Amino acid sequence: MSTHPIRQVIEACDKAITARDFDLLMTYYAEDAALVVKPGMVATGKDNIRKAFVAISDYFQGQLVVEQGEMQVIEGAGDALVIMETVLHYPDGEGVFVTTSRRATYVFRHDADGHWVCTIDNSYGTDLLNIR
């Protein structure tokens, strides 16, 4: 089975996050994209999303590493719903590295140039329903 092109986009995004290359990261987002920063907080538009990623990286002392696990891509009408396991490695309050896994949901749009761009980035996936 061949790898879906969106997997390469997500891998490139994760490498950019790890490298703190936020300019490169933003090339993979639509101008009007939305990012779930944390439950109850959504950043919209590239400028706000970039600021959120900088703040997230700073929170993890620039040591956040993101990897991809299993992925399903469902395409329709020029959009793609991505359901995947996202694995996060980061230091806790004492500097000990923690690994956690989320079942993320993302929406991508095939833009006019033929590239896949992220329109909705929700690393919390359906866990948002569990948080009150």
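1. Let's start with arginine 20, which sits in the loop between α1 and α2; helices (H or I, at least four residues) and strands (E, at least two) are DSSP runs, numbered from the N terminus. This is a predicted model, where local features need pLDDT of at least 70, side-chain atom pairs count only at pLDDT 80 or more, and totals for chains, interfaces and linings use all residues. Residues are numbered from 1 along each chain as its sequence is written, and side-chain values use heavy atoms, with hydrogens and water left out.

2. What is the phi of arginine 20, given that it is not a glycine? It is positive, about 60°. Most residues other than glycine have a negative phi. Arginine 20 is partly exposed, at a relative accessible area of 35% (buried means under 20% relative accessible area, exposed over 50%, partly exposed in between, with a 1.4 Å probe and protein chains only).

3. Alanine 77 is another one to look at: its phi is positive too, about 55°, and it is not a glycine. You'll find alanine 77 in the loop between β3 and β4. With 84% relative accessibility, alanine 77 counts as exposed.

4. On to α1 (5–19). The 15 residues of α1 should span 21 Å at 1.5 Å a residue, and its end C-alpha atoms are 21 Å apart, so the two agree; the expected span is 1.5 Å times one less than the number of residues. Buried residues in α1 include Ile6, Val9, Ile10 and Cys13, and also Arg7 and Asp14. The buried residues of α1 pack against α2, α3, β3, β4, β5 and β6.

5. Now the largest nonpolar core, which has 33 residues. A nonpolar core here is a set of buried Ala, Val, Leu, Ile, Met, Phe, Trp, Tyr and Cys residues joined through side-chain atoms within 4.5 Å. Those with the most contacts inside this core are Ile10, Leu25, Tyr29, Ile49, Phe53, Val82 and Phe108. Which element supplies the largest share of this core? That is α1, with six residues. Leucine 25 touches Cys13, Ala16, Ile17 and Phe53, not counting residues up to four places away in sequence (contact means heavy atoms within 4.5 Å).

6. The largest pocket has a volume of about 530 Å³. On a 1 Å grid over the protein atoms alone, a pocket is an open set of points where a 1.4 Å probe fits, with protein on both sides within 12 Å along at least five of seven lines; lining residues have an atom within 4 Å of a point. Grid points are joined across faces, edges and corners, and the volume is the space filled by probe spheres set on the points. Of the 27 lining residues, Phe53, Ile56, Leu64, Arg102 and Ser123 are the closest to the pocket centre. β1 gives the most to the lining, five residues.

7. By class, the lining of the largest pocket has 21 nonpolar, two polar and four charged residues. Here Ala, Val, Leu, Ile, Met, Phe, Trp, Tyr, Cys and Pro count as nonpolar, Asp, Glu, Lys and Arg as charged, and the others, Gly among them, as polar.

8. Last, glutamate 85, in strand β4. Glutamate 85 is partly exposed, with a relative accessible area of 30%. Leaving out residues up to four places away in sequence, glutamate 85 touches Glu67, Gln68, Gly69, Glu70, Ser101 and Arg102.
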